[in-house]
Amino acid sequence: MKNIHASGHVRGQSVFLDDLPVHEGTLYAAVFGSPVAHGRITGADLERARALPGVVAVFSHEDIPGKNQIGGNIRDEPLLAERELHYIGQPVFLIVAEDEWTARRARLLAGLQYEALPAITDVEEAWGREQFLFPPRTFRLGSVDEAWEHCVYHFEGEAETGAQEHLYLEPQASYAFPAPHGGMKICSSAQGPAEVQHVAARVLGLPVHRIEVEATQLGGAFGGKEGQATAWACLAALAAWRLQRPVKLVLPRQDDMRMTGKRLPCRARFRIGLSRALKILTYEATFLLDGGAAAGLSPGILERALFHATNSYYIPNVRATAFCCRTNLPPNTAFRGFGAPQAMFALEAAIARAAYELGIPARRIQEANLLKEGDEFPYGQRARQAHARQCWARAEADFDIRKKEKEVEAFNHQNASTKKGLAMMPVCFGISFTKTSMNQASALLHIYQDGSVGLSSGAVEMGQGVSTKLAQLAAMALGVQAERIRVETTDTARVANSSPTAASSGADLNGKAVQHACAQLRRRLLETAASILRAPLAEVDLHAEQVWRNGRPTALSWEKLAPEALQRRVNLSAQGYYATPLICFDREKEKGHPFAYYVYGTAAVTMAVDCIRGTYATEEVCIIHDFGDSLNPDIDQGQVEGGVVQGIGWMTSEEVGCSPDGRLLADSLSTYKIPDIYAAPDVIDCRPLGAEGPGMAALRSKAVGEPPLMYGIAAYFALIQAIRAFNPHYRPGFRAPMTPEKVLMALYQDENAAAL
Amino acid sequence: MIEFVLNRQLICTDKPAAMPLLDFIRREQRLTGAKVGCGEGDCGACLVLEGRLEEGRMQYRPIVSCLTPLANAHGRHIVTVEGLNLRHLSPVQEAVAEHSAAQCGFCTPGVIVALTALCLSEAPLSPEKAIAALDGNLCRCTGYQSLKKAALAVAARLPVERQNRAIPWLIEQGWLPAYFDAIPGQVAQIPRCSPAFAPGRPILGGGTDLLVQQAGQLMAEAPNLLCERWEIGGICEDGDSCFIGGGLPIAAILENRTLNRHIPGLGRCAPLIASTPVRNMGTLGGNLANASPIADLAIIFLAFETRVLLNGPSGRRELPLEDFYLAYKQIDKSPSEYLEGLRLRLPGARRLFSFEKVSKRTHLDIASVNTAIGLDFDGETMSRVRLSAGGVSPVPLLLRRTGAFLEGKMISESVLGRANALMQEEISPISDIRGSADYKRLLLRQLFFAHFLKLFPEHLSFENIHNEGLLAHEKHSRFRAREGAIRLSG
Ligand SMILES: Cc1cc2nc3c(=O)[nH]c(=O)nc-3n(C[C@H](O)[C@H](O)[C@H](O)COP(=O)(O)OP(=O)(O)OC[C@H]3O[C@@H](n4cnc5c(N)ncnc54)[C@H](O)[C@@H]3O)c2cc1C
Ligand code: FES
Ligand code: FES
């Protein structure tokens, strides 16, 4: 089934936040951000800004009626700066005017006096000074040091990945307006409306029930609108509350890029030991994650980095430690993969280092260590329905990897100025929020008297197709066509306390809740039908929009059944609820069973490098992906393609960078380069593994959002291969992204140069 | 009064001339199909069609409405995605929906406009053209595979030649709404305005630089609108030279038949410069007068003997293009002068030309380094060598000494090695967001070699050049400026 929103999208009729009809008297806000990365506020001059015709108000932290605090579990993030400034772009004032241009012009007139303080923008420096956002954590299995002694091969090294800007095409947006009975309605482009509601209530000093938050549909999010939607929603709400007028705040792209955090950059040191048979006996990694100026979602990100430190491999002795460092950069945050990509890159770097030193293909080490059924992860869970080896073997066979390797070799032999490289990447990604309590969801279904159905859940549609999947699930469960189901916007007044739509789990959790609600409705309707037909319940069935008796259609259609049920005072609404069973995790011991199941896959990526210019192209991406029993192959295929291209972008052209004084170097689309249609791979050949999905996934269709991003990691190692084919002196430094600059410098690096 | 037809409706407005068209469409007209993705021309979410009446026919091109000054819409037909809607999905819309090429849907209206522009385009269709139609549309969700399939499907359903898919045909076949029929008549009735040049007021060309930099400020002023000035909108041959109007969009120049006859390969530069919609808007005058050290047209025309024609209250004057650039972002032009165009001395038949550009992303990106070379070759030696380079000095640079060195030389690896040594002395790159100084030096060397490998494949081998290059690189490492290091970790 195609995306239910497709027709609205192609006709330009889908309603994103900035497209909502505007209420009369709407005002527009602009955020004044800190001009320094670290400083102490000594004074403010807002008179000139206030005096500009059209400016209605300028707010500071003093205007906040409740708590000036938008932090999550760790309360370290003010909505508006009070005394200290912690990063460039940190919101300090909110300017509200009759139109956007006036608000932005007034922003140029606002003055802030401050005393600049030394800024930390380097994660190593933060680490050296023990600037941690929260305490470090360590996962352990076996005995690393003891095993080290038994290894035949020992390698140590470093790996580094950079920040990644989400670049959802729709910037952060919010629109708040006073609601009846002293309430406040906030429309927010948020992945987690309930979180926005909760924090906005705190900021306004109101009970949570006075705030209603609605998300229509998001123009992409990728984790960037999970923790990070809150500030803009709260700011709009603050202004709307104080002025009792509608206030809209849509971040201009440059504000969005300057003020919001990215994927956490990560520096890793590793130590890896192998047996003669290339078994990885021991692996030790220390991750320095750059959390930026506030904790935000970083505790969960750090945790997931540790959960996936061994990716798709079984390693008997592991010690993985992660520090989350505080720097004077915008608070970094969730991004597809949530810490796992950073950790997986480090392990692949360790494997590549070992392979280069041993003079063998990395593929041999990868293959020798893949997970098998029952293997234990460093956090105690055991791999069940482990498809790592199956995916790998299928990839090798289906895509004839050996032949491809030979072709690459032959090509490199024949071509002096173009070189190719091929790398493989296995992925194993755990599905569930690692914070067990978040693994719950509810849904609310109404059948109306004409038989049409309204479906609300906690899931936010952001392009991942969750609405389509929920409509499919409901239609199947009720026995009607999907067209009968209208998937409503996500609203806290209809579905409360929902977890954010994140961790790839939106369709699983909400899908199960929808199924639960549908089961109730279905039972009531079957009972009604049985009584109308005067038939025993066991003889009636409901499917294809029809009531059936003993396998034969009756005259009772869905459209007749619904009003009849209403006449008979049958409750046509149901709330469904689901909490993932079995999962648990003990943070004291760092052991448990945190994941409902795992998604597996293997990718092979071929890159071609122009050795004259240092430019490159992704020629081919071949993937075997473990979809389970895909509920919607069109949508799932799209998720894989989009994810892998984002991963390739992260490994190649997407570079944020920052100056020593804390300014992001790439802060607009003209400097930050996501893949365009030409940079995208020529071919993405993704085939389903075909293994049965787990019962914990809705209709055994596995979660699909995040895992494919990590296939992109192979692009980095394929580039390294190609460069090595040209320049035998090249010493890889395992620092992603591998921009055309780094590639050219590597192609012409001489023997004595530092690793690159 | 600014007058234009927006979809099916005639608009007369006195909103500021420099108001972004996108703001007007979304805020004033409440047509919310076109999206605000970036406001700086880079994403294509705001694409609209701009139709001009040319020789009695409407010619439609995609433009980014976020950078289009409202006044530049005067006398045009502007079509948003809403203006393309029929009762049923158009074949373009169908292709995008069928191929699941709309995920979050935010880029989708722009995609629909871009693919409709493909249907309306003058050029014969091909798979490459179909993909290229989306060169100005960023999508963060799909990874582009489904978009490519949709684009190819659209092209496959259309006749290759334009005359077989003219507007009446497209209407009949359900690709366009019927109202397109009446547009030429409507547009023809809008009075042309050719305002007098007002010295001292800001000059606005296509707006692709100015509206990024200062849209807010410009809205309060009444800028000179150059796109409407007839005298700077043409290309004409005149004896041994050719006049190229400063108001011409980049696309019109690169695709121009006359110019391509004299400069073989000019058209092939296009995919490396901006995107289809931005090339339809950005003008020659803007590209040169913006004084960016990496302006692609400046680099291209420096490879030819070219003179800049300026006009203003104190009359006309002209000067060589290389002398137009004085220092970083400074040009030999008073605020009251405008750039009327270029006078290109027509190259002879023996003239060879090559343009090279590398940026972080190959397409839709500003150069880290760009360079062009023009030279006459008689089968033995080179003459009238003009080598230009951008991104390696404060201005678009003509490498006079390197060019002079190459004069009269035969092509050989060692000549190129020595030329590179000289070139490294002529340049002074700095480290910035587009690359470190060391990188730019190395890159220019490589692109310099690339010119010759491309132009003289039978005279040179990459391996030998490479060896020469390594030698030269070592020798000249002492020239490497080590600017304040920038850290690239974020
Ligand atoms: C997304 C995007 C991608 C781009 N990619 C490239 C690229 O790849 N290569 C490249 O070179 N450029 C690129 N540019 C920059 C820009 O498009 C070009 O420089 C363009 O040619 C500018 O022309 P314009 O008419 O739009 O200039 P405007 O913005 O209208 O004006 C720019 C400057 O020139 C002045 N000016 C304009 N016309 C005249 C005139 N006739 N006489 C005197 N002064 C004048 C204006 O006053 C202003 O100072 C890109 C821009 C965008 C938005
Ligand atoms: S909004 Fe991005 S190009 Fe116009
Ligand atoms: S579908 Fe989301 S940006 Fe293209």
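How many bridges join strand E18 (residues 453-457) of chain A to E19(A), and do the two run parallel or antiparallel? Three bridges join them, and the strands run parallel. This is a predicted model, where local features need pLDDT of at least 70, side-chain atom pairs count only at pLDDT 80 or more, and totals for chains, interfaces and linings use all residues. Residues are numbered from 1 along each chain as its sequence is written, chains are lettered from A and ligands numbered from 1 in the order in which they are written, and side-chain values use heavy atoms, with hydrogens and water left out.

**Where chain A meets chain B**

- On the chain A side, 89 residues are in contact with 85 residues of chain B (contact means heavy atoms within 4.5 Å).
- The two chains bury about 7100 Å² between them, with 57% of that on carbon and sulfur atoms (buried area is the accessible area, 1.4 Å probe, that two parts lose on being put together, summed over both).
- You'll find 10 salt bridges between chain A and chain B (a salt bridge is a side-chain nitrogen of Lys or Arg within 4 Å of a carboxyl oxygen of Asp or Glu).
- Take B:Lys360 and A:Glu655, whose side chains meet in a salt bridge at 2.7 Å, N to O.
- There are also 33 residue pairs in polar contact between chain A and chain B, both residues at pLDDT 80 or more (that's a pair of N or O atoms within 3.5 Å; within protein, one must be able to donate a hydrogen and the other to accept it, and residues adjacent in sequence count only if both atoms are side-chain atoms).
- Several elements of chain A each supply at least two residues of the side that touches chain B, among them helix H1 (6-10), helix H17 (633-651) and strand E29 (683-688) (helices, H or I with at least four residues, and strands, E with at least two, are DSSP runs numbered from the N terminus).
- H17(A) gives the most to that side of chain A, with seven residues.

**The sheet in chain B**

- Five strands make an open sheet in the order E2-E1-E5-E3-E4 of chain B, with mixed pairing (two strands pair if DSSP finds at least two bridges between them).
- Strand E2 (9-13) and strand E4 (57-64) of chain B sit at the edges with a single partner strand each, so one side of each has no neighbour in the sheet.
- From one strand to the next, the twist averages 30° (axes are lines fitted to C-alpha atoms, for helices over the stretch in contact, and angles run from 0 to 180 degrees between N-to-C directions).
- Strand E3 (residues 47-54) and strand E5 (residues 77-79) of chain B pair in the antiparallel sense over three bridges, and B:Glu50 stands opposite B:Ile78 in E5(B).
- Helix H1 (residues 21-28) of chain B packs on this sheet, and its direction makes about 65° with that of E1(B).
- Helix H3 (residues 108-120) of chain B packs there too, touching E3 and E4 of chain B.

**A sheet in chain A**

- Here four strands form an open sheet, ordered E19-E18-E17-E24 in chain A, and the pairing is mixed.
- Neighbouring strands of this sheet are turned by 20° against each other on average, direction ignored.

**Salt bridges overall**

- Searching the whole structure turns up 87 salt bridges over all chains.
- One of them joins the side chains of A:Glu124 and A:Arg269 (3.3 Å, N to O).
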